Structures are given as C-alpha cells and as structure tokens.
Amino acid sequence: MKRALITGITGQDGSYLAELLIEKGYQVHGIIRRSSSFNTGRILHIFQEVQDSDAKLKLHYGDLCDASCLEKVIDATEPHEIYNLGAQSHVRVSFDEPIYTADIVALGALRLLEAVKNTASAKHVKIYQASSSEMYGLVQENPQSEKTPFYPRSPYACAKVFAFHQTVNYREAYGMFAVNGILFNHESPRRGETFVTRKITRGIARIMAGKADKLYLGNLDAKRDWGYAKDYVEAMWLMLQQEKPDDYVIATGRTYSVRQFLEEAFRLVGRRWQDYVEIDPRYFRPSEVDVLLGDPRKAKERLGWEARTSFEELVRIMVLADLKQEGVSL
C-alpha cells in the first residue's frame, strides 16, 4: 500500500486530494495544526465513508513552523509521496500578515524540503510543492507558461516564488524528486468563504434565504483563469507518477473577470447582481494582479491532463451547493 503525507489536508485541495488518493488505494496521512475548535470539517466525511478509517486516513499534529516536528512525522509515516499544500493562502490577508505568511509559505516549504533531506527513511520520497499563478503577478506575457518570468505583487506571491526556487534547488542540488505545480485559480464548494468566488456564491445563497440584503466586493475587473479544484488535484498526483521530476502549469487556458463570475452566478438564480452588490474599498489590494491566463499545453502533452469542468459548470456547482446548504432550491 502506497503512503502519502499531505500538509494542508483540512483545506480545499487537501480534502479533494485525500479522497482521490484513498480511491487509488493509498494510506493517507495528514498534518493538522492543534486548535481548540474543530478544523476538520472538509475531511470528516472521509472518516465516515471509509470503514477501515484507521488504515486509510490518519492525522498527525504538526506545523510548517516546526522543523523537528516535520522530521518526526516523516520518519514515523515513511511516505512514498509528500504533498505540501499547507499555507496562509489568502492574498489580501498576506498584506496584513506578511511575516507570518512568509514563515508558513516560504520557510515552511524550505523546512519540509530540509526535513526530507535529513530523514533517512525519506531518501526516495517524491515531493509536490503547491506553487501559484500569483507568482506571475504583473504578467510579462500572455498566456503564462513554465518559462514565463515571475513578477510577484503580494507577500504571498513573493513567498511562493521563494518556495518554488527552493524546490528546484533541492531537486538539482540533492537529486530529490521534487516538483512544482503552478496551479491557476481553482475553486469549489469547499473554497474558503473569504475568497471572492465563494464569497459570491455564499452571498447569493444568503440573499435567497432572506438572511442578507447586500454583497460587498472589491475589484470586479480582475481576470482569472478559473478551474475546478477536484480536477486539479488529479494533476498533482500525475506529476508524482512521472519518471523524472519537472514543473507544470495547471490551468484551463481561459480567463474570466470577477464581474463575469458575478453575472453568471446571479443569472442562475434569476436576479440582477447590480441590485445587491456594493463596492467596498477595503477589499482592494495595495498592488493588483490584473489578469492571469495559464498555458496548460505541457501538462496535456506530458501528463495527459486537461481541465474537464467548464467555467459555467463550475459556477453552477458552487451556487447549487451553497443554496442547498441554506435550504434553498431553484
């Protein structure tokens, strides 16, 4: 039985990846931070659905800030694959918490790489590093490929660039099987409620349920290459099944504005977004990333991967899920 270790397993991507790996027969280990409140909502259903949960999914307390803890968990679990998905991943929040963001995102990745290098039982482990399209920032070309220069425009993006280059460095310096997945925006009903797509669909559900009158947003003109997180975690797995490690852009190759997402979401419930949305300057970034558009050709050619879910279907999945959560039907 293959063993995988996932940091950030309680997040959107971590929960979908855990499901995928268990379906493929893996034993999955996840690192979670100690909290006085439950933070495992996205993965509770896995414990309920898997009868022999003790063998299929195990959680370990740990933190990307604690290097010795990472070494202990790696030594105890002896994983064949490690997926580093843990992060302070909210771009706007990173402007308010730049040092914490850098510690988790940048140094956290370095601590993990060093832990693998220093752990005798992990010499042949394969490592996936979650890189981000935010690294392109003030884009130097459209679309963005694996060869496009980075121009980060937030503390989060700067930290991700550091982690990207450290992953390449450890691969080349120590012969480690370490890859970067440069994932463009990927959403789902499990997306955090402070991220703009989920904020929109959650807001619509609350409006339809009579619990809210307005939805407050920032820049509606920002354009993103939006895909479905459930599709994207398969690409993560595929990267670690290759003979040689490499870095890949994962994207749909299409871009839509926040305004277009808003229009499509409100169209599904038969309402005009202009009647409910107000612009709040608090939600604007100090430095904006205007447009992101990924070039996924390398992933298609070498991994055989391509996005299966359209923009319209993604919006529909998210709107229906939040309406259901509020007990509202169309």
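Me: Which residues form one aromatic cluster here?

Reply: In this predicted model, the cluster is made up of Y136, F150, F164 and F184.

Me: And how many aromatic pairs does the pairing rule give?

Reply: Rings pair if their centres lie within 6.5 Å. By that rule the count is twelve aromatic pairs. Take F150 and F164: their ring centres are 5.0 Å apart and the planes meet at 85°, so this pair is edge-to-face, since the cut-off for that class is over 60 degrees. The pair also links distant parts of the chain, with F150 in the loop between β5 (126-132) and α7 (155-174), and F164 in helix α7, 14 residues apart.

Me: Are F150 and F164 buried or partly exposed?

Reply: Buried means under 20% relative accessible area. F150 has 21% relative accessibility and counts as partly exposed, while F164, at 8%, counts as buried.

Me: What is the geometry of the aromatic pair formed by Y232 and W305?

Reply: Y232 and W305 are edge-to-face, with 5.3 Å centre to centre and 90° between the planes. Y232 belongs to helix α9 (residues 229-239), and W305 to the loop between α11 (297-303) and α12 (311-325); the two are 73 residues apart and link distant parts of the chain. Y232 is buried, at 0% relative accessible area, and W305 is buried too, at 2%.

Me: Where does the charged end of K298 sit?

Reply: A charge counts as over a ring if, for Lys, NZ is within 6 Å of the ring centre and within 35 degrees of the ring normal. The charged end of K298 sits over the ring of Y248, 5.0 Å from its centre. K199 lies over the face of Y283, 3.3 Å from the ring centre.

Definitions and conventions
Residues are numbered from 1 along each chain as its sequence is written. This is a predicted model: local features need pLDDT of at least 70, side-chain atom pairs count only at pLDDT 80 or more; totals for chains, interfaces and linings use all residues. Side-chain values use heavy atoms; hydrogens and water are left out. Rings of Phe, Tyr and Trp (its six-membered ring) pair if their centres lie within 6.5 Å; planes under 30 degrees apart count as stacked, over 60 as edge-to-face and the rest as tilted. Helices (H or I, at least four residues) and strands (E, at least two) are DSSP runs, numbered from the N terminus. Buried means under 20% relative accessible area, exposed over 50%, partly exposed in between (1.4 Å probe, protein chains only).
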